[in-house]
Amino acid sequence: MKYLLFLFPFFATNLKGQSTLTFDHRFVESENKWVAIRTDKDTILNFGFIYIDASAGLTLNYEGSFKILKDGKFIPKKLDSIGIKYRLQPNNVRVAFIPSSKFNELGIKEFPDWLKIYLGDTTSIGHLYRWGFLYNSYAECAKALTYLERAQKINPKFNGLEVELAFSYNCLSQYDKTISVLKNALETNPTGAYFWKELIYAQVKSGQLDKASESCKKAISVCADKTYNGEMCYNLLHEYYEKRDKKSFNLWLEETKKWNSSNAKLESSIKTMEDDLAK
């Protein structure tokens with residue numbers, strides 16, 4: 001698997017037939033699509049098939065290039081091999097979906113024969129979870145939920161599923177759903193540090209500060225993993241600051257300082273809030 005190191009700039013193109021190609025889709029919106037990609041030559045476009053490799057993630061199978069004749073016909077220059085695979089990183093590059101009416105001209109069909117190797121059983125809980133996990137990692141939380149909620153119907157206790165659901169719900173500001181999922185998760189895994197982190201975030205964002213405070217105390221006391229203590233305390237402290245609740249702010253000030261003593265940026269933010277409330 002190669003990483004996509006070359007860039008596709010946003011050059012305007014005056015190609016005849018451009019009306020058949022609209023460059024308005026991001027890589028993460030292009031799963032299982034044939035796409036055209038701009039190059040630095042306005043007479044040439046690259047093309048390939050974007051899919052998800054369960055291990056490597058979003059991938060482009062680069063198949064070659066093509067030019068558009070004055071009459072709108074696509075003339076391909078394909079690679080001799082089946083293609084070169086590039087791992088894609090989400091960015092602001094825009095690609096165009098190649099219309100099915102042009103497949104014959106490019107010598108392609110809707111889905112390449114090799115795609116089934118990477119898809120596996122698309123209805124299995126493992127597939128649904130993995131695809132949800134990957135779309136969450138691309139910050140495509142709504143898309144992730146289309147897989148994760150199907151997986152939840154099969155087995156709500158599938159390893160890692162509750163965390164991914166909580167992440168998606170928090171990402172989409174659906175805090176009640178986060179809280180519901182994580183309360184169930186914490187019943188079976190009461191020392192899950194990441195569970196507590198996402199729960200406290202949801203409680204803070206939904207205005208349940210008393211519950212968030214209790215959750216934060218509990219998490220600090222029961223979790224052997226202290227990775228998220230600073231973040232949890234800071235989120236709570238910041239919300240007290242925003243509400244100008246000096247009493248609660250001061251109750252959490254020293255604890256928050258303790259867990260963020262190695263984070264210069266957050267230390268500075270805490271000092272700024274402290275000084276402001278002391279006025």
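Contact means heavy atoms within 4.5 Å. This is a predicted model, in which local features need pLDDT of at least 70, side-chain atom pairs count only at pLDDT 80 or more, and totals for chains, interfaces and linings use all residues. Residues are numbered from 1 along each chain as its sequence is written, and side-chain values use heavy atoms, with hydrogens and water left out.

**View 1. Leu236 in the largest nonpolar core.** Leu236 touches Val204, Leu209, Ala212, Ser213, Cys216 and Trp252, leaving aside residues up to four places away in sequence. A nonpolar core is a set of buried Ala, Val, Leu, Ile, Met, Phe, Trp, Tyr and Cys residues joined through side-chain atoms within 4.5 Å. Buried means under 20% relative accessible area (1.4 Å probe, protein chains only). This core has 34 residues; Cys216, Leu236, Phe249 and Trp252 touch the most other members.

**View 2. The aromatic pair Tyr135 and Tyr147.** Rings of Phe, Tyr and Trp (its six-membered ring) pair if their centres lie within 6.5 Å; planes under 30 degrees apart count as stacked, over 60 as edge-to-face and the rest as tilted. Tyr135 and Tyr147 are stacked, 5.9 Å centre to centre with 5° between the planes. Tyr135 is buried at 1% relative accessibility. Tyr147 is buried at 11%.

**View 3. The aromatic pair Trp34 and Phe47.** The ring centres are 6.3 Å apart and the planes stand at 40°, so the pair is tilted. Both residues are buried.

How values were computed:
Buried means under 20% relative accessible area, exposed over 50%, partly exposed in between (1.4 Å probe, protein chains only).
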